[in-house]
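Hi everyone, thanks for coming along. Let me put the sequence and the model up on the screen, and then I'll talk you through a few spots.

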Amino acid sequence: MSQEASHDDGHHNLMVNNKKLIMWLFLGSDCMFFGTLISTHLIYRKLYPNEFEPTQLFSLELTSFSTFILLMSSFLMALSVSAMHKGQMKSFRRNVVGVIFFGLIFLGCQVYEFTHFAHEGLLVSTGTFGSTFYLMTGTHGVHVAIGIFWLISMLFYSQSGKMEAHKNAIDVEVAGLYWHFVDIVWIVIFTVVYLIEFIA
Amino acid sequence: MSTKITDIPSTLQQSDLNQLKPEKSDIGLTRPDHSKNVFIDWLTTVDHKKIGLMYGTLALFFLLVGGVEALVIRTQLAVPENNLVSAQMYNQLFTMHGTTMIFLAIMPLNAAFFNFLVPLQIGARDVAFPRINAFSLWSFVAGALVINFGWLLQALEAFGLFSASGPTAGMNDFVPAMGWFGYAPLTSKEFTGAGTDFWIMGLQILGVASISASFNFIVTIINMRAPGLKMMRLPVFTWMTLIVSLLIIFAFPAITIALAQLMFDRVFGTNFFSVAGGGQPILWQHLFWIFGHPEVYILVLPAMGIVSEVLPTFSKKPLFGYSIVVFSGAVIGFLGFAVWSHHMFTTGLGKIATAAFSLLTMAIAVPTGVKIFNWVGTLWGGRVRFQAPMIFALGFVWMFMMGGFSGIMHSSAPADAQQQDSYFVIAHFHYVAIGGILLAIISGIYYWLPKMIGKMWQGNLNLWVAVMTVVGLNITFFPMHFLGLLGMPRRYHTYLSGFGWETYNMVCTIGSYILGLGVALLVVDIILCFRSKKPAGNDPWDARTLEWATSSPPKVYNFAKTPIVNARDALWADKYGPESRKLGAMDEAHGIHMPSQSWMPLIASLGFIPLGLGLSLMQAGVPYAGYAAIFGLVTITFGISLWAIEGPGGYHLHPKEAVEEA
């Protein structure tokens with residue numbers, strides 16, 4: 001056993017790395033966070049069907065665009081994880097920059113959407129719809145922002161030349177899990193909060 | 001405790017001392033390892049044993065705080081139309097009594113046992129993420145400070161050193177006063193002041209502490225078991241830790257979001273629970289109890305784990321029906337998510353929902369009863385030794401059953417409609433909380449403290465503690481059943497004479513003082529144990545599980561060689577079993593890798609204090625409070641960033657025992 005290997009976390013009974021396991025547990029817990037937020041929204045939506053008419057406000061084109069961008073950022077994230085595993089640092093950095101850029105576009109769309117909605121009269125204090133909508137999508141936005149901060153830190157760290165495939169691939173993979181999860185949550189929100197409103 | 005720190009080098013050979021040098025982090029930070037300064041050593045520690053001891057000490061302190069609050073409540077109620085404390089103060093006392101006992105006493109006492117015991121019971125060096133463990137401890141401290149901050153303001157105001165002026169004038173409710181479950185709309189801005197904000201932020205921070213600790217324990221138990229320690233060989237206490245941790249990570253999000261919604265209602269004027277804007281106060285009740293009912297099992301399952309360790313040891317028998325005890329614990333945890341509405345039978349859920357929740361609640365009695373029968377089965381035919389831990393464990397089985405019986409009465413919705421919000425409910429959950437959980441925790445303290453500090457109990461004070469607590473709790477809470485059935489409502493500041501409540505209330509108050517004295521004697525006994533000269537030895541109780549295989553107190557690395565487990569009750573099998581089931585030892589030629597200590601968990605957690613206080617005071621209209629919140633957020637980000645950059649670090653140890661054997 002090399003000196004390096006003896007610094008590992010030790011054996012893993014489940015054959016899953018500790019960092020990966022704790023991220024999966026966090027994501028499980030996070031499901032409950034978003035579950036509570038989305039349920040609150042749907043409960044009030046059912047309780048007060050006529051309180052607010054979101055179809056007039058929602059721009060399906062804009063939100064579809066930002067959803068597509070977020071999906072594509074997940075694609076780039078997968079590419080950067082793969083590049084890191086192969087030790088291709090240049091490709092890794094290029095793809096991470098792409099993820100960050102797409103994430104920022106998504107956040108930009110959300111900021112635009114929020115200001116636009118507020119301008120049109122939907123405030124956090126507008127009935128229950130404003131409350132549930134902004135807290136739910138805002139929490140998702142904060143998740144995206146934390147992800148971007150995380151990836152930017154990783155990008156800087158990779159510039160220091162200390163990032164190595166055998167050591168840090170797992171860190172990138174864990175960040176990737178988080179990013180994909182945030183993406184999946186958005187697909188759920190996009191479906192049950194935006195798209196459903198346009199049915200019937 | 002300072003002797004333990006200087007212990008470390010003495011366990012090493014001189015030639016290995018150079019191995020103690022910690023790795024340097026990427027940004028050249030030196031880690032605070034092997035500090036001669038006691039304060040630095042404990043503040044930066046990542047050792048699960050020290051963290052456990054700190055959890056335990058702080059939790060015992062808050063147990064006394066909550067206990068004093070309870071005694072003031074009982075004194076106020078001793079006679080009719082008493083005016084010892086004002087109605088407002090009374091509300092603050094029962095709110096903080098509940099909050100303190102649940103979040104600051106019992107949960108961290110359980111966490112103290114989790115921390116100290118789980119790595120030892122599974123033969124690991126430490127938890128999976130030692131720094132996250134330290135972060136959980138210090139976040140708990142931050143949350144406790146924020147939630148109790150109102151007492152400080154109130155005291156300052158009482159002594160004339162501080163007066164609320166400007167927008168905060170007239171809001172003399174700095175201490176939470178809306179009950180520990182904070183029902184809407186009492187928590188809205190119209191009715192309560194800064195106290196509610198401290199409560200919201202404090203609970204939020206405590207939630208961070210609990211959830212992060214739980215992630216850590218799940219990973220530790222699933223991934224760090226010693227070779228051969230299969231899941232169905234785990235000690236039951238470790239099993240219950242795993243189940244409780246899973247409950248925490250899935251139950252706490254509900255209250256985290258509910259608290260966030262409440263905070264938004266108060267700070268930003270949203271309408272989640274405000275009736276004027278269309279909000280439904282009942283939503284709070286659902287969200288709260290979706291968390292709140294699993295929380296009940298979060299409190300009691302570790303107690304069941306403790307008792308499942310103590311009873312077999314002092315009966316000299318293996319636990320009767322190990323797998324069914326474990327499985328029952330899992331079923332209790334699972335069903336715990338499906339019964340929250342039994343707290344809300346009187347809110348008008350409709351017949352179907354009420355019947356369903358009633359049925360599921362009754363169903364929980366089945367796995368609980370299975371456990372009780374298994375404990376009795378363990379005693380049956382055993383060589384029972386009535387030593388201190390056993391006395392309290394037996395007390396647990398009996399008293400917890402009493403609480404369970406009244407619990408089954410509540411599960412019937414029509415009966416519950418009569419008992420709702422009466423002293424009958426108080427009697428029920430105090431039998432569970434004190435007769436059940438507290439007795440089990442005392443049993444755990446008597447069982448494991450010799451392991452934790454390496455000193456053995458002396459004298460017979462433990463008998464007095466047992467008599468005082470068991471007798472005291474029965475005198476206090478048994479009459480409350482009658483009070484409840486006579487119609488005395490809970491949370492009333494005082495009452496008129498002539499309802500037939502006077503005698504019962506006086507008896508309850510006398511009982512509470514006996515119980516209080518019992519807990520005080522426990523603290524005296526613990527202090528005496530710390531000053532005891534009698535060494536505990538590795539295995540003072542002739543016990544069964546792995547933690548008794550190592551020294552008392554365990555060395556920083558826990559086991560000189562990682563044990564290889566070949567049986568369920570690993571140490572018992574090693575002592576009395578056939579050759580094939582004895583403990584093995586793993587050869588670690590390269591020494592033991594220990595994680596480095598760190599300041600970062602402490603710094604990141606301390607950021608929660610300005611964040612929590614800042615957001616609370618901002619709502620109350622204190623100028624510049626928002627900047628404190630931003631400062632807190634920056635501190636947290638700074639701490640976590642440096643934490644990531646410094647890396648786990650570490651150094652190597654070559655314990656003398658291991659080297660000599662080799």
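This is a predicted model: local features need pLDDT of at least 70, side-chain atom pairs count only at pLDDT 80 or more; totals for chains, interfaces and linings use all residues.

Residues are numbered from 1 along each chain as its sequence is written, and chains are lettered from A and ligands numbered from 1 in the order in which they are written.

Let's start with chain A. It has six helices and zero strands, where helices are DSSP runs (H or I, at least four residues), strands are E runs of at least two, and both are numbered from the N terminus. Along the principal axes, the C-alpha atoms of chain A fill a box of roughly 70 × 35 × 30 Å. Of its 200 residues, 33% count as buried. Buried here means 20 or more other C-beta atoms within 10 Å of the residue's own, exposed means 12 or fewer, and partly exposed is in between, with C-beta atoms placed from the backbone.

Now, how many residues does each chain bring to the contact between A and B? Chain A gives 31 residues and chain B gives 35 residues, and two residues are in contact if their C-beta atoms, placed from the backbone, lie within 7 Å. On the chain A side, helix 2 (18-47) and helix 5 (127-159) each supply at least two residues. Helix 2 of chain A gives the most, with 13 residues. By class, the chain A side divides into 13 nonpolar, 15 polar and three charged residues; Ala, Val, Leu, Ile, Met, Phe, Trp, Tyr, Cys and Pro count as nonpolar, Asp, Glu, Lys and Arg as charged, and the others, Gly among them, as polar.

Over to chain B, and to helix 13. Why do we call this helix largely enclosed by the rest of the structure? Because 29 of its 31 residues are buried. Helix 13 (residues 423-453) of chain B has a kink of about 40 degrees at Tyr447(B), shortly before the proline Pro450(B). That bend is the angle between axes fitted to the seven residues ending there and the seven starting there. Just after the helix, Gly454(B) takes a positive phi of about 75 degrees.

Who packs against helix 13? The axes of helix 8 (residues 281-315) and helix 13 of chain B come within 9 Å and cross at roughly 45 degrees. Axes are lines fitted to C-alpha atoms, for helices over the stretch in contact, and angles run from 0 to 180 degrees between N-to-C directions. The contact residues include Leu299(B) and Val300(B) of helix 8, and Gly436(B) and Tyr447(B) of helix 13. In this contact there are 11 nonpolar, three polar and no charged residues.

Finally, some loops of chain B. The peptide bond from Ala184(B) to Pro185(B) is cis, with omega near 0 degrees, and Pro185(B) sits in the loop between helix 5 (130-158) and helix 6 (194-223). Asp421(B), in the loop between helix 12 (413-419) and helix 13, has a positive phi near 60 degrees although it is a residue other than glycine. With 13 C-beta neighbours inside 10 Å, Asp421(B) counts as partly exposed.
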